[in-house]
Every structure is written in structure tokens, then in C-alpha cells.
Amino acid sequence: MKSRNLSRNVPRFDSFLYLRGMKESKLIIFSAPSGSGKSTILEWLMTEHPELSLAFSISCTSRKPRGKERNGVEYFFITPEEFKQRIADGEFLEYEEVYENCFYGTLKSQVERQSEVGQNVVFDVDVKGGCAIKRFYGSRALSIFIQPPSIAMLRERLEHRATDAPEVIEKRLQRAEFELSFADRFDRTVINDSLERAENEVLEIVKDFLNVQ
């Protein structure tokens, strides 16, 4: 699920018993401040390296589909009432309410389904969601934090993108400082001071985790 500047609601997980019987696959969690190059690295990794059997986790949302979005492809679309019931039933690894009755979350059952067909599931989430997923899966998951070389460089990248108003950039930078404080909670940190170097470093980390030569 894409990062959003909101606090996470992380349910308590009583046990790992539901994992028994699943086909063993692994999970890779990516988090980063906006503008750190995470999306570019992920697109390259998943496009250029099919041998890794990577697939994005498909999140669940209570909002309506937009444009050409399809149920079960970009998201699973359910009603706010069903989302709340699934929260009560403890079905989410993590979830958040963006605004009233607009929820996004990661279903345990969907991760299980993707794992059972041999996919190594990739999560593109904010830092709190990343930490929640890592806590739940433990050593079966690898968490990677993509870090900009500095806040000054991050500002330069955001301004160069020319997609956000100045006040939005300031909010993103404030958020980035908060997110950077979580870096030491991730298994690995990759500093993106050179895109090619960062891509290759992420590739080697992932290959080692998946035991792929």
C-alpha cells in the first residue's frame, strides 16, 4: 500500500499458527520518504528480474474504484462496513483510515493466497506499516529502507520533479524527517545517492535473502 501521512492502526496478533501449512515463500518490505527513489528501484527490480518471482501485495480499500481500476488488480474494493467488520475480525496485517470511512489495509488472507502460489510478496508501505508487517512475519520477511543521501538532496529532488506546490514539498520534508527516524528499525538501509548503485545493492540484498544465485 502506498505511503500516506497518517498514523497506523496496528492490530494485535495472537499467534503465527495460521501460517502453518502455507507454501514457503518470502516477503520483502520497502519503505522510504517520498522522493527517495523507492518506486523507481522497485519498478526496475520487478521488471528486470522475473527470476525473483516478486509480486506486489494487493491491498484492500473501502473507496470506490477510480478510472480503469479493477477489483483484485489494483485493489480489492469493499464497503466501509465490510472493512470495519474485517478490522473487528482481525483480518488485517495493518490498516489506516485516510479520512472518515475511507480505509486502506493489507489482508492476511491475500498475502497467504499469493504465497501459496509461490510468489515472493512485495510490500510498498509507509514506515509504520512496514514495521507492523515485519513484526508479524519475523524472519520470513526482509525490511528495506531506501534513504536519501540528505534532506537537502531530497528537497532538490522534490523540487526538480515539479509535481508539488512549495507548501506540499515542505510537508513532505517534515514527514521525511519523521520517517528517517525509523530507518534503524529496518533490516537493511540502502542510501540512494546513485540510482544504479542503489538498484544493484537492493538486487544483491534481495537475491541473498531469497537464496537466488
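# Close-up views of a predicted protein chain

**Figure 1. The whole chain at a glance.** The protein chain folds into seven helices and nine strands; helices (H or I, at least four residues) and strands (E, at least two) are DSSP runs, numbered from the N terminus. This is a predicted model, in which local features need pLDDT of at least 70 and side-chain atom pairs count only at pLDDT 80 or more, while totals for chains, interfaces and linings use all residues. Residues are numbered from 1 along each chain as its sequence is written, and side-chain values use heavy atoms, with hydrogens and water left out. Of the 213 residues, 46% are buried, where buried means under 20% relative accessible area, exposed over 50%, and partly exposed in between (1.4 Å probe, protein chains only). Take the contacts (heavy atoms within 4.5 Å) between residues at least 6 apart in sequence: 72% of them join residues at least 24 apart.

**Figure 2. How confident is the model, and where does pLDDT fall below 50?** The mean pLDDT of the chain is 87, and 89% of its residues reach 70 or more; pLDDT is the predictor's confidence in each residue, from 0 to 100. Over residues 2-8 the pLDDT is below 50, and this stretch has 28 contacts in the model beyond near neighbours in sequence. Residues 10-23 also stay under 50, with 29 contacts beyond four places in sequence.

**Figure 3. The five-stranded sheet.** Here the strands follow the order β2-β7-β1-β8-β9 in an open sheet with parallel pairing; two strands pair if DSSP finds at least two bridges between them. At the edges are β2 (54-56) and β9, each pairing on one side only. From one strand to the next, the twist averages 25 degrees; axes are lines fitted to C-alpha atoms, for helices over the stretch in contact, and angles run from 0 to 180 degrees between N-to-C directions. Helix α3 packs on this sheet, touching β1, β2 and β7, and its direction makes about 140 degrees with that of β7. Helix α7 lies across β1, β2, β7, β8 and β9, running at about 160 degrees to β9.

**Figure 4. A closer look at strand β8.** Six of the seven residues of β8 (residues 141-147) are buried, so this strand is largely enclosed by the rest of the structure. Five bridges pair β8 with β1 (residues 27-31) in the parallel sense. Look for Leu-27 with its bridge partner Ala-141 in β8, and for Phe-30 opposite Ile-144. Strand β9 (residues 188-191) runs parallel to β8, joined to it by four bridges, and Phe-145 has Thr-189 as its bridge partner there.

**Figure 5. Two nonpolar cores.** A nonpolar core is a set of buried Ala, Val, Leu, Ile, Met, Phe, Trp, Tyr and Cys residues joined through side-chain atoms within 4.5 Å. The largest has 20 residues, and those with the most contacts inside it are Ile-28, Phe-30, Leu-45, Ile-144, Ile-146, Val-202 and Val-206. At least two residues of this core come from each of β1, α1 (38-48), β8 and α7 (195-210), with α7 giving the largest share, seven residues. Apart from this core lies another, of eleven residues, among them Leu-93, Phe-123, Ile-133 and Phe-136.

Figure 6. Four strands form an open sheet in the order β4-β3-β6-β5, with mixed pairing. Strands β4 (75-77) and β5 (92-99) stand at the edges with a single partner strand each, so one side of each is left without a neighbour in the sheet. Strands β3 (residues 59-61) and β4 run parallel, joined by three bridges, and Cys-60 has Phe-76 in β4 as its bridge partner. Helix α2 (residues 80-88) packs on the sheet, touching β3, β5 and β6 (102-107), and its direction makes about 45 degrees with that of β6.

**Figure 7. Helix α4 under cover.** Nine of the eleven residues of α4 (residues 127-137) are buried, including Gly-129, Cys-131, Ile-133 and Lys-134. The buried residues of this helix pack against β1, β5, α3 (108-116), β7 (120-124), β8 and α6 (166-180). Just after α4, Gly-138 takes a positive phi of about 60 degrees.

**Figure 8. Around Trp-44.** Trp-44 lies in helix α1 and counts as partly exposed, at 22% relative accessibility. Not counting residues up to four places away in sequence, Trp-44 touches His-49, Glu-199, Asn-200 and Leu-203. Trp-44 and Glu-199 are 155 residues apart in sequence, yet their C-alpha atoms are 7.6 Å apart in space.
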